[in-house]
Amino acid sequence: MLRALRRCGAAAALRGAAGAAAAPLGPCLVPSRGRKSRTDPPAKSKAARVKLPPPVDPEELWAVTERYRLHGLLLGALRAEFRAEVLQKKREASLVGEDSVELMQEHQRLMAWNNEENARQRARREERIRKEEEEQKKQKVQAAENKAKKMEAFLKEKEREVLQLQEEAKSFITPENLDARIEECLDNPRNYNFAIDKEGRIVQRTVLS
């Protein structure tokens, strides 16, 4: 290491003494520790060593090669597409320069047709929306009428039930008419021990004792 540094120092001194007229020499690099220069012979222990390349996996090599091929095809297709697009733009620019008046008239005609078609479609859409709104209003009115009819029928049914309960309440047994009802039952005894046939007629009755 010291020898290398001394050589570098001697070379720098020689370059300084030569002056600006001397040809510029390359940078003086100090070799790393433990490394040999290009001119040093190989070590005796490694003189007979044959350096073999690392083994390559065939599947991996095929996959990498296929990917490189697809990458090349993709880039080629993109370049061709871009080239065709540039040529098409140049061709269109030249055509526009030649037939600008005709193209402008055609464009105006198409824009007028487009505006007419938009107006027609707008009228159809507004008519359809108006009909849908009318249909929704009719449905709402019909739903309200049906709901009112159902509520009216419900109220009538409840009113009928209330009237029926009031009518039935007249025959209820209360503390006020309890004695009278007991006397009425005693005066008019009833015998429920009887047999009936298929037509509902009484065929046999026991005698009250």
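Arg-109 is partly exposed, at 49% relative accessibility (buried means under 20% relative accessible area, exposed over 50%, partly exposed in between, with a 1.4 Å probe and protein chains only). The model is predicted: local features need pLDDT of at least 70, side-chain atom pairs count only at pLDDT 80 or more, and totals for chains, interfaces and linings use all residues. Residues are numbered from 1 along each chain as its sequence is written, and side-chain values use heavy atoms, with hydrogens and water left out.

Arg-109 forms a salt bridge with Glu-106. The closest N and O atoms are 2.4 Å apart. A salt bridge is a side-chain nitrogen of Lys or Arg within 4 Å of a carboxyl oxygen of Asp or Glu. Both residues lie in helix α3 (residues 100-169), three residues apart, so about one helical turn separates them. Helices are DSSP runs of H or I with at least four residues, strands are runs of E with at least two, and both are numbered from the N terminus. Glu-106 is partly exposed, with a relative accessible area of 34%.

Helix α3 holds a further pair, Lys-158 and Glu-161, also three residues apart and separated by about one helical turn. Their side chains meet in a salt bridge at 3.8 Å, N to O. Lys-158 is partly exposed at 38% relative accessibility. Glu-161 is partly exposed at 32%. Elsewhere, Glu-127, Arg-130 and Glu-134 are linked in a network of salt bridges. The whole structure contains 14 salt bridges.

The chain has four helices and two strands. Their order along the sequence is α-α-α-α-β-β. Strands β1 (residues 194-196) and β2 (residues 202-205) run antiparallel and are joined by three bridges. Pairing requires that DSSP finds at least two bridges between two strands. Ala-195 stands opposite Gln-204 in β2. The two strands form a hairpin with five residues between them. Gly-200, in the turn, has a positive phi of about 90°. A salt bridge links the side chains of Arg-201 and Asp-197 at 3.1 Å, N to O. Arg-201 is exposed, with a relative accessible area of 52%. Asp-197 is partly exposed at 24%.

Of the 209 residues in the chain, 1% are buried. The accessible surface comes to about 20400 Å², and carbon and sulfur atoms contribute 58% of that area. Areas come from the Shrake-Rupley method with a 1.4 Å probe; for residues, only the protein chains shown count as cover. Leu-74, Leu-75, Leu-78 and Phe-82 form a nonpolar patch on the surface, with about 360 Å² of accessible area together. Phe-82 belongs to helix α2 (residues 58-98). Patches are made of residues with over 30% relative accessible area and no salt bridge; like charges are joined within 9 Å, and nonpolar side chains (Val, Leu, Ile, Met, Phe, Trp, Tyr) within 5 Å. Among contacts with a separation of 6 or more, 12% are between residues 24 or more positions apart. Contact means heavy atoms within 4.5 Å.

The mean pLDDT of the chain is 82, and 81% of its residues reach 70 or more. pLDDT is the predictor's confidence in each residue, from 0 to 100. Confidence is highest in α3, at a mean of 92, and lowest in helix α1 (residues 2-18), at 48. Over residues 9-14 the pLDDT is below 50, and this stretch has zero contacts in the model beyond near neighbours in sequence. Over residues 16-26 the pLDDT stays under 50, and the model has one contact beyond four places in sequence for them.
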